[in-house]
Structures are given as structure tokens and as C-alpha cells.
Amino acid sequence: MDIDTQAYKERVAQVAFNVADVVLPMDKLPENLMTAYQSLLDELVDDKEGEFTQAWDGLPASAQKLLARVEFHGFYIANAWLQLSRVAQDIAERADTDDAIEEHEYNDVFVRLAQSSLKESVRKLKKARTDRALLNGIKQVIG
């Protein structure tokens, strides 16, 4: 599946939704969170900085054989979104008002979380080569 096609983007979105839905009831999220989720999805699917492509290309062939690229891409995006949701909740609980959060600080947090999520996703996929339960769990949540 060509990564620049609409079908690829739709499959990535479906995988990310399925994985995130295991933790959060995606169909019950407020509209503003769904908008934020869609924005994150669009940015990470586009991979303009090439970080996902570089991470995927750097995986051993034995890890790449476990999941299709499109499925791993969705898995990573869901992981990034879940991490960002947790951090955003913590920030919101600590902030007296939305104005207390500087936009540039939020953007910096997003970049670090996306990078951290990608590293964690790569680590999990590599580990899944020898951990059948982990691989089965990943495939189950991908749907």
C-alpha cells in the first residue's frame, strides 16, 4: 500500500482509532478532543520530518515482517495520542486557566511526546519478535 494514497491514510486512521479505543471510548470523546486527535493524526501521517519513515526503515527485517507498515504507523500514532492526552490532562489539572498554558510550551511537549512514542513503539515491535503474547496483543488492538 503506497504511503501517499488515501487508502493508506484511512487504514492508518482506522488502526489508530482501534488502538486508542481500547483505552479511551473514542466514540464518546468531546468534539474538541476529536478535533485535536484528527490534527495529530494528520500531522503524524504526513510525516513531513521523515521521523516515522526513518524509524521504520531502521527496523530489522524480522520486526518489519510482524506488522504491515500501515498498521505500525497507526499503532504509533495511537500511542502518541494517548501519551499526549495524559499529559494534556495533567497540564489542565494544574493550570488555573487555559491562558496559563503557553502555546509554544505545548508545541514543544507535543514534539517530545511524538518522538518518545515512536521510540516506544519501535521498542515494542522489536520486543514482539520474541514475545508472542506482546505481538498477539498488538495485533488484537489493531483489529
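User: How do I read the largest nonpolar core, and which residues have the most contacts inside it?

Analyst: A nonpolar core is a set of buried Ala, Val, Leu, Ile, Met, Phe, Trp, Tyr and Cys residues joined through side-chain atoms within 4.5 Å. Buried means under 20% relative accessible area, exposed over 50%, and partly exposed in between, with a 1.4 Å probe and protein chains only. Here the largest one has 41 residues, and L44, F72, Y76, I77, W81 and L125 have the most contacts inside it. This is a predicted model, where local features need pLDDT of at least 70, side-chain atom pairs count only at pLDDT 80 or more, and totals for chains, interfaces and linings use all residues. Residues are numbered from 1 along each chain as its sequence is written, and side-chain values use heavy atoms, leaving out hydrogens and water.

User: Which helix gives the most to this core?

Analyst: That's α5, with ten residues. Helices (H or I, at least four residues) and strands (E, at least two) are DSSP runs, numbered from the N terminus.

User: And what does Y76 touch?

Analyst: Take contact as heavy atoms within 4.5 Å. Leaving out residues up to four places away in sequence, Y76 touches L44, F52, A114, S117, L118 and S121. S121 sits in helix α6 and is buried at 0% relative accessibility.

User: How many aromatic pairs are there?

Analyst: Rings of Phe, Tyr and Trp (its six-membered ring) pair if their centres lie within 6.5 Å; planes under 30 degrees apart count as stacked, over 60 as edge-to-face and the rest as tilted. By that rule you get four aromatic pairs. One of them, F52 with Y76, is stacked, at 5.8 Å centre to centre and 15° between the planes. F52 is in helix α3 and Y76 in helix α5, so this pair ties together parts 24 residues apart in sequence. F52 is buried, with a relative accessible area of 1%, and Y76 counts as buried at 4%.

User: Why is the pair of W56 and F72 tilted?

Analyst: Because their planes are at 35°, with ring centres 5.8 Å apart. W56 in helix α3 and F72 in helix α5 are 16 residues apart. Ring pairs link F52, W56, F72 and Y76 into a cluster.

User: Last one: what stands out about phi of D47?

Analyst: Most residues other than glycine have a negative phi. D47 has a positive value, near 50°. You'll find D47 in the loop between α2 and α3, and D47 is buried, with a relative accessible area of 15%.
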